[in-house]
Amino acid sequence: MTALSPELLQQALDMNRKALDFCDAAIAGCPECLGKDVFEVVRSNLARHNERIRSIHASIGKGANWSQAATTLPNSMGTLETIFKNLATKYPADSAGATKREALSSAVEMITGILTFYEKMLCDVQDPAEEQFIKRMVQEIRGQYVLLNDLSYYYDNPKGWSEKHLA
């Protein structure tokens with residue numbers, strides 16, 4: 001069995017679906033603020049990530065090998081540090097209340113679980129195309145992790161974040 005068999009690809013889809021649902025709930029529950037904008041970016045990136053997995057899953061299910069299936073992946077996500085910086089400058093410095101922190105903590109835990117799932121897959125990978133795919137998935141999910149941690153740092157210390165990133 002390859003590291004990302006159809007069953008494991010389905011598991012990845014399920015995990016990502018839960019993350020998308022969580023982001024939808026966080027967006028619906030947030031007033032217009034930096035947190036809502038960040039969750040919208042994370043949700044958009046996770047949706048593209050999920051579509052890539054779905055495409056690979058469908059191709060593999062139709063008998064394609066990893067080399068064939070993985071060649072259809074577009075390469076775009078933008079630089080998430082720049083995205084956060086641009087979003088943060090739209091709002092006055094703000095620290096987060098308990099509700100925002102709880103949602104952010106849950107999101108970080110969910111993203112960490114997905115990241116760990118992919119990193120474990122790298123240990124078993126044998127096909128070079130499959131390895132490239134998994135590394136790309138790790139990179140994309142790690143980007144979401146960094147984006148959420150930037151928001152956390154911003155909420156913990158808005159002034160410190162501004163001095164570090166806007167100076």
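Helices (H or I, at least four residues) and strands (E, at least two) are taken as DSSP runs and numbered from the N terminus. The structure is a predicted model, in which local features need pLDDT of at least 70, side-chain atom pairs count only at pLDDT 80 or more, and totals for chains, interfaces and linings use all residues. Residues are numbered from 1 along each chain as its sequence is written, and side-chain values use heavy atoms, with hydrogens and water left out.

Asn50 is found in helix α2. At 3% relative accessibility, Asn50 counts as buried (buried being under 20% relative accessible area, exposed over 50%, and partly exposed in between; 1.4 Å probe, protein chains only). Leaving aside residues up to four places away in sequence, Asn50 touches Leu13, Asn16, Arg17 and Leu20, where contact means heavy atoms within 4.5 Å.

Nine salt bridges are present, each defined as a side-chain nitrogen of Lys or Arg within 4 Å of a carboxyl oxygen of Asp or Glu. One of them pairs Asp24 with Arg43, with the closest N and O atoms 2.5 Å apart. Asp24 lies in helix α1 (residues 6-29) and Arg43 in helix α2, so the pair ties together parts 19 residues apart in sequence. Asp24 is partly exposed, at a relative accessible area of 30%, and Arg43 is likewise partly exposed, at 22%.

A further salt bridge joins Arg52 and Glu140, whose closest N and O atoms are 2.4 Å apart. This pair links distant parts of the chain, Arg52 in helix α2 and Glu140 in helix α6, 88 residues apart. Both Arg52 and Glu140 are buried. Through shared partners, salt bridges join Arg52, Arg136 and Glu140 into one network.
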